[in-house]
Amino acid sequence: MTGRNRRVIRISAGALALAAVVALTACSSERVGSTADEPPVTAAPLVAGSIVDALAPSQSAVVQTMSPPMKADVLDATTASGLLSMPWVLVSLSADHRVAEIVAVTGNGSCVVPVGVRVQRSPGAVTLAALSRKGPDQSCDARLDFERLTVELPVAVGGDVRLIHPPTDPDWSNPAFLAGLT
């Protein structure tokens with residue numbers, strides 16, 4: 001996402017307001033069937049505000065019209081420190097459940113810009129955070145930017161290994177931001 005041409009979709013404030021009527025269904029506390037290659041693991045407790053993904057990929061027509069996904073820049077803990085956690089929706093999982101395709105809200109391109117993703121493995125879970133940073137621009141545009149990304153996961157998700165959305169930055173936690181993508 002940094003140092004490359006980004007493929008971004010922008011939605012006007014009016015279109016965002018219209019999309020707000022669509023219910024957010026990508027995330028739930030539901031768990032899916034087991035994967036054969038992963039032994040059962042006792043799951044670590046979730047951080048407050050985290051959401052377990054239902055592993056029900058989006059079939060949204062909006063997602064299908066977006067540019068093909070780019071490979072996400074994966075950030076280490078030091079680089080990820082202090083960045084904004086942005087909402088994302090699962091678009092697809094590879095057959096082996098080790099590669100996730102997501103669409104992430106990345107900001108507005110001026111006040112908030114995308115940086116990359118952070119992937120963390122813990123007992124029974126993989127936490128995937130789409131991260132952005134506050135930009136230098138003080139006059140923010142009334143638009144919403146998204147990126148379609150592929151992310152390699154450290155283990156297969158499903159069954160006893162949950163895919164976790166970490167808590168989203170409060171300024172970006174509105175479920176309407178993902179309306180139309182689910």
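Which side chain meets that of Glu101 in a salt bridge? In this predicted model, the partner is Arg148, with an N to O distance of 2.4 Å.

The salt bridges of the model number 3 in total. Another of them joins Glu152 to Lys71, whose closest N and O atoms are separated by 3.3 Å. Arg143 counts as partly exposed because its relative accessibility is 22%.

Asp169 is located in the segment after β10. Although buried, Asp169 has no salt bridge, and the nearest side chain of opposite charge, that of Lys134, is 6.4 Å away. A polar atom of the Asp169 side chain does, however, lie 3.1 Å from the backbone nitrogen of Asp171. When neighbours within four places in sequence are set aside, Asp169 is in contact with Leu84 and Ser85.

Strand β10 itself is covered on both faces. Arg162 and Ile164 are buried on one side of the strand, and Leu163 and His165 are buried on the other. Strand β10 pairs with strand β2 (residues 51-52) in the antiparallel sense, over 2 bridges; in this arrangement, Ile51 stands opposite His165. With strand β8 (residues 125-134), by contrast, β10 runs parallel, and 3 bridges join the two strands. Val126 is the residue that stands opposite Leu163 of β10.

Leu55 is not a glycine, yet its phi is positive, at about 55°. This residue, Leu55, occurs in the loop between β2 and α2 (61-65), and it counts as buried because its relative accessibility is 14%. His97 likewise has a positive phi, near 60°. The location of His97 is the loop between β5 (88-93) and β6. With a relative accessibility of 24%, His97 counts as partly exposed.

The average pLDDT of the protein chain is 80, and 76% of the residues score at least 70. The highest confidence is found in strand β10 (residues 162-165), at a mean of 98, whereas the lowest is found in helix α1 (residues 13-19), at 38. The pLDDT is below 50 over residues 12-36, a stretch that has 48 contacts in the model beyond near neighbours in sequence.

Technical notes: Residues numbered from 1 in each chain as written. Heavy atoms only, no water. Salt bridge = Lys/Arg side-chain N within 4 Å of Asp/Glu carboxyl O. Buried < 20%, exposed > 50% of the residue type's maximum accessible area, 1.4 Å probe, protein only. pLDDT = per-residue confidence, 0-100. Helix = DSSP H or I, 4+ residues; strand = E, 2+ residues; numbered from the N terminus. Contact = heavy atoms within 4.5 Å. Lys, Arg positive; Asp, Glu negative; His and termini not counted. Polar contact = N/O pair within 3.5 Å; in protein donor to acceptor, adjacent residues only side chain to side chain. Pairing = 2+ DSSP bridges.
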